[in-house]
Amino acid sequence: MTWIRQKLAACGDRIACYEAGMAWSYAEFIELIDHAATQVPSKGAAVIEVQAPTTIEGLAMLLAIGETGHIALPLPAELPEAEQDKRRLVANSSQLYNQLEGSGLVLFSSGTSGEPKGMLHNLDALLARYKNLSARKDRSLLLLLIDHIGGLDSAFRCLFSGSTLVVPETRSPEAAGQAIASHQVNVLPASPTFLNLMLLSGTAQKHDLSTVEIIAYGAEAMPQKVLNRLGKAFPDAQLQQKFGTSETGTIRIKSAGNESLFFRIEDSDTQWEIVKEELWLKTPSRVLGYLNADDGGLEADGWYRTGDLVEIDDHDNLRIIGRASAVINVGGQKVHPSEVEAILNEIEGIEAVSIYGMAAPITGSAVACEIVVSGDEGSRTWKRTIRNHCRGKLAPWKIPSSVKIVDSISVNIRLKKQFARTEQEFLT
């Protein structure tokens, strides 16, 4: 990977990263890679854990492993010890490495729909997608960890273009606001849930975020309501949707507009097609396979069935409807949670919504919702309000039969939505 060294060396004394009250130049980043290489075995292919006190040192270790033909296993300190042990066990007991040519990278899915899946990437192929990046001088906030494809994409896209990473002290809206203001960050990549938390907590009022020129959102579906509020809070910023999967890496897309959830795939290395509403992708950086699961979504000819349901307009622009696994079957009728969420988000006073299926004696499943609200009304009042609002806009079986008020939105380690379920009463 000579090209990586050349790109980094060309940046010299330019700042590569601000983190933990320190600044690392690109020359110092190369020194970190050199130091990490001394800790890696010189012969044979081995699984090497990537653990470091800072993100920039973790990235240096990952690149050193890539240079020496080993297999990197990122294990950030934020992961609970029990989860780290699970990942070690999976990563050290696989026969899949026999298929690997060159260096490897083991990543795990979020596990939101079951046990996290360990997957093997060809690290050389993954990194090659950043080889032809143009030089830029951005300052980009890094929120996601380096065990996540989105976190790696943000870091690589920044470093291999000669830009500067800014890692906040904690992954909270307050710390993000402080980091943006202190280091004049102009690129803010974040999940819709995290961006909504920034809006709700008044981060833009507490800190000077006027330097933000690009807000790149992804990792989960963006509610139209949140997108509209972002546009008002950051009127001078471009709102760019990002898309990728742990199995394929991030692909290049272009949003149809600041206020649109549609996007167009503009990636010369990526083929795509829609099969029964599901998006399929074919990229040179697709994973070789899973370490602890069958290759259900991986087709023999290189295609990956993403599990994302999409709609397409007359101009080949796509919009993510939601996950196929999240579809609720109400007596044989399919309900897409995102459709119901969009209608509930129209109601004034509802700040965030989560739609899910719950067991029902006759239909098998029923639609339920959790909401974060700004008023003092109770669940019964909100249930009435929701039913009245949904009549005429949703079919009867799509209207939530259970409404639960929760105190706040929290985020999981992937910075995706995870409601704080504190109120015990369900109304059915």
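Hi everyone, let's start with a sheet: five strands make an open sheet in the order E3-E4-E5-E6-E18, and the pairing in this sheet is mixed. At its edges stand strand E3, residues 47-50, and strand E18, residues 289-290. Each of these two has a single partner strand, so one side of each is left without a neighbour in the sheet. Before I go on, please keep in mind that this is a predicted model.

Let's stay with E3 for a moment. Its pairing with strand E4, residues 71-74, is parallel and runs over four bridges. If you want a spot to look for, Glu49 stands opposite Leu73 in E4. Which helix packs on this sheet? That is helix H3, residues 55-67, and H3 touches E3, E4 and strand E5, which covers 104-108. The direction of H3 makes about 165° with that of E3.

Now, a quick step back to the whole chain. There are 12 helices and 27 strands in the chain. How does the radius of gyration of the chain fit with a compact globule? For 428 residues, such a globule would have a radius of gyration near 22 Å, and the chain has 22 Å, so the two agree. Along the principal axes, the C-alpha atoms fill a box of roughly 65 × 50 × 45 Å. Buried residues account for 53% of the 428 residues. And if you take the contacts with a separation of 6 or more, 62% of them come from residues 24 or more positions apart.

Next, a pair of helices. As background, two packed helices are described by the angle between their axes and the distance between the axes. Here, helix H7, residues 173-183, packs with helix H8, residues 192-200, at an angle of about 85°, and their axes are 9 Å apart. That makes H7 roughly perpendicular to H8. Where do they meet? On the H7 side you find Pro173, Ala176 and Ile180, and on the H8 side Phe194, Leu197 and Met198. By class, this contact has six nonpolar residues, with no polar and no charged ones.

My last stop is strand E19, residues 304-312. Strand E17, residues 278-282, runs antiparallel to E19, and three bridges join them. Strand E20, residues 318-323, also pairs with E19 in the antiparallel sense, over five bridges.

Note on methods
Residues numbered from 1 in each chain as written. Predicted model: local features only at pLDDT ≥ 70, side-chain atom pairs only at ≥ 80, totals over all residues. Heavy atoms only, no water. Axes fitted to C-alpha atoms, helices over the stretch in contact; angles between N-to-C directions. Parallel < 35°, antiparallel > 145°, perpendicular 65-115°, else oblique. Contact = heavy atoms within 4.5 Å. Nonpolar A, V, L, I, M, F, W, Y, C, P; charged D, E, K, R; others polar. Pairing = 2+ DSSP bridges. Rg over C-alpha atoms; globule rule 2.2 N^0.38 Å. Buried < 20%, exposed > 50% of the residue type's maximum accessible area, 1.4 Å probe, protein only.
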